Protein chains: 2
Amino acid sequence: MALIVQKYGGTSVGSPERINAVAEKVARMRKNGDDLVVVVSAMSGETDRLLKLARSINTDPSPRELDVLLATGEQTTIALLAMALEKIGCPARSYTGHQVHIRTDNVYGKARILDIDESRVRDDLNKGRVVVVAGFQGVDEDGNITTLGRGGSDTTGVAMAAALKADECQIYTDVDGVYTTDPRIVPEARRLDRITFEEMLELASLGSKVLQIRSVEFAGKYRVPLRVLSSFAEGPGTLITYEENNMEAPVISGIAFNRDEAKLTVRGVPDKPGIAAHILNEIGKANINVDMIVQNVGADGTTDFTFTVHRGDYKKALDILKRVSLELKAREVSGDDKIVKISVVGVGMRSHAGIASQMFRTLADEGINIQMISTSEIKISVVVDEKYLELGVRSLHKAFGLEQKP
Amino acid sequence: MALIVQKYGGTSVGSPERINAVAEKVARMRKNGDDLVVVVSAMSGETDRLLKLARSINTDPSPRELDVLLATGEQTTIALLAMALEKIGCPARSYTGHQVHIRTDNVYGKARILDIDESRVRDDLNKGRVVVVAGFQGVDEDGNITTLGRGGSDTTGVAMAAALKADECQIYTDVDGVYTTDPRIVPEARRLDRITFEEMLELASLGSKVLQIRSVEFAGKYRVPLRVLSSFAEGPGTLITYEENNMEAPVISGIAFNRDEAKLTVRGVPDKPGIAAHILNEIGKANINVDMIVQNVGADGTTDFTFTVHRGDYKKALDILKRVSLELKAREVSGDDKIVKISVVGVGMRSHAGIASQMFRTLADEGINIQMISTSEIKISVVVDEKYLELGVRSLHKAFGLEQKP
């Protein structure tokens, strides 16, 4: 008899029919003897409906009141799911974030979970009930309602699993696991049975939208076994593991990509300490996140400095850079928002030389010019012209033999 | 500087435009220096939408989960009203029933308020904020969400006013006060500037739908000055007072009526103790509320027993009565669901003889036959054929001179 925390997203509970289907799934597992805590999101479309309602009243509502409003979305779902479970004879109880004391800091709209009082949940589990918990929401020290930001229900699920020391945290989504790459681009893409936590972190941050990155970090911190499964199909999904030295680990686990980036370059900056920090500080002050950063020293005592930002921040970042480059007496500022980032990810590359050269050769063979390179312990990322996205991902997927089981 | 608790019903906050209008009204009063606590209902239609959603999942949902669901209605409104207030520069904070500890018993769906922790509200008032509180909802001792039943927002308003010892509790509705009778029937009907608590109680229970009766009882218990006003028009409304010996009190305050009744009669029941109790006990077991009860002793040692019920319960009550009358060996059972009740109400009638005879004479002059009579300290009710409703109400309104200010 295992203790399982399950999380169902907005699409999985998007209609009364789907809520009934989730209830059937949950009741079946309960009958098999597992203890179940089910974390749910707002029904798909509900959060947008509420946001629209808020904006019809106040185009710039205070984050506190917005959280009070948005929290009704999950509260609706927990009540409906509990009703659906009771209908089929499965005892259940619903709880808001407030009721199970999901205590967060007071950063409305993107609060972080501090702790959870799991005693009440345990009580209900001991009485044979399925416990249904509202995802995405919590309560700060003063009793104000907070939300964790979009996708925060994943984090609620993981935090609940950590607090209860659950045997597994299952995240149900509309995909049936983590793939070697996006099957819409590479039809031969293969579902991974397991993936390490670090690889998942890299894949998530690189744009695989299966799991919210904060929930993966959270799971890693408390070593919560995490599984990604489909709400709509049966199957084992993908298990995210914490095996440090897995000899059987494939060299490369997957190919990730990100279409939402733009790059900016300052050329001919005096090569002095603190220049990069100064530039990034100005960008950061404008609340723009920087992804890749590359710096090369030129021959004439000046340096070129390139970084990427979210494409939506491109214009703002370019304006800041033009201003800063005047102060720095830089030679030239340029940018390009028609780029993409492609990354190969795998814990196995730590112990295998030559992954980088194989990657670069594969791209060169297809005539794809590499504009930027950035590497970490378990990933290599390149920036290329956006027109090469599909060609690049497909050729790398094939070159590393990802369509075959290792 | 007064401390005022205001309550706005579902129609008053039924759309973003109306919520903005309420915000304007509240902000104006705040500017005049009053401290304000605003209790709101769910937007009109919202509770029905949620009920429909629940029934699409479970035709007989558990009361606990239904309360979790319904409570989202007011939570939505409090957030939207706080946003609307902030937009026009009026600092505000919204709170759910849970957050201000509106503690109730655990009778889901019709919980009763036990106490309110007003410290948090006071804190915000001291900081110059308008406090917006969700009506209709509370939390039981174990932290479960409860609701007070339809119309319970009035009770929340009164309870909040009692806890804060507010100077006045203002109930905003779609009418601009309590009238001498329904203006749709008597165009000369006059708005009352003030009415006693006892009269209001009689008028409310007799079908004047201005205030929920429980809230009036609650107000009486804590002697909360209550005022009924219109959300849509300016005006002083009607103040409900607790003056016991008001020499200026008019003899009659108003004419109430109720179209929703039906009467049932058992004839020739043995005139023994416990017969009435037995009949009413059977009716009560079927969850049917009895309103008027009249019993006459006949000449032959038997008695006739007549009572009224809600028209919707007529058929069920008649079936029960037929069964019971067989056991009791009663001579005959009859019923009529084409009747109405008309009542004259006024604290002044305590010290004025002749009100009853004036009432009966007025009806007789119009050829209206009286089928039943029932009296209390401050009201006289008669049951007449439903076709006489308008004629009866109009002639009584005129006979008691209610169109003129006393």
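**Strands first, then the interface**

Tutor: In chain B, strand β1 (residues 3-8) is joined to β2(B) by 6 bridges, and the two strands run parallel. Keep in mind that this is a predicted model.

Student: Which residue of β2(B) is the bridge partner of B:Ile4?
Tutor: That would be B:Leu36.

Student: And which way does B:Leu36 point from β2(B)?
Tutor: B:Leu36 points the same way as B:Val38 and B:Val40, while B:Asp35, B:Val37 and B:Val39 point the other way. In a regular strand, side chains alternate between the two faces of the sheet.

Student: Are those residues buried or exposed?
Tutor: All of them are buried. That is 6 of the 6 residues of β2 (residues 35-40) in chain B, so the strand is largely enclosed by the rest of the structure.

Student: Switching topic: how much area do chain A and chain B bury between them?
Tutor: About 3400 Å², with 57% of it on carbon and sulfur atoms. A:Ile57, A:Glu65 and A:Met83 supply 21% of the area that chain A buries against chain B, more than any other three residues.

Student: How many salt bridges and polar contacts are there?
Tutor: The salt bridge count between chain A and chain B is 0. For polar contacts, the rule finds 18 residue pairs across the interface, both residues at pLDDT 80 or more.

Student: Which element gives the largest share of chain A's side?
Tutor: α3(A), with 17 residues. By type, the residues on the side of chain A that touches chain B divide into 19 nonpolar, 13 polar and 9 charged.

Terms used. Residues are numbered from 1 along each chain as its sequence is written. Chains are lettered from A and ligands numbered from 1 in the order in which they are written. This is a predicted model: local features need pLDDT of at least 70, side-chain atom pairs count only at pLDDT 80 or more; totals for chains, interfaces and linings use all residues. Side-chain values use heavy atoms; hydrogens and water are left out. Buried area is the accessible area (1.4 Å probe) that two parts lose on being put together, summed over both. A salt bridge is a side-chain nitrogen of Lys or Arg within 4 Å of a carboxyl oxygen of Asp or Glu. A polar contact is a pair of N or O atoms within 3.5 Å; within protein, one must be able to donate a hydrogen and the other to accept it, and residues adjacent in sequence count only if both atoms are side-chain atoms. Helices (H or I, at least four residues) and strands (E, at least two) are DSSP runs, numbered from the N terminus. Ala, Val, Leu, Ile, Met, Phe, Trp, Tyr, Cys and Pro count as nonpolar, Asp, Glu, Lys and Arg as charged, and the others, Gly among them, as polar. Buried means under 20% relative accessible area, exposed over 50%, partly exposed in between (1.4 Å probe, protein chains only). Two strands pair if DSSP finds at least two bridges between them.
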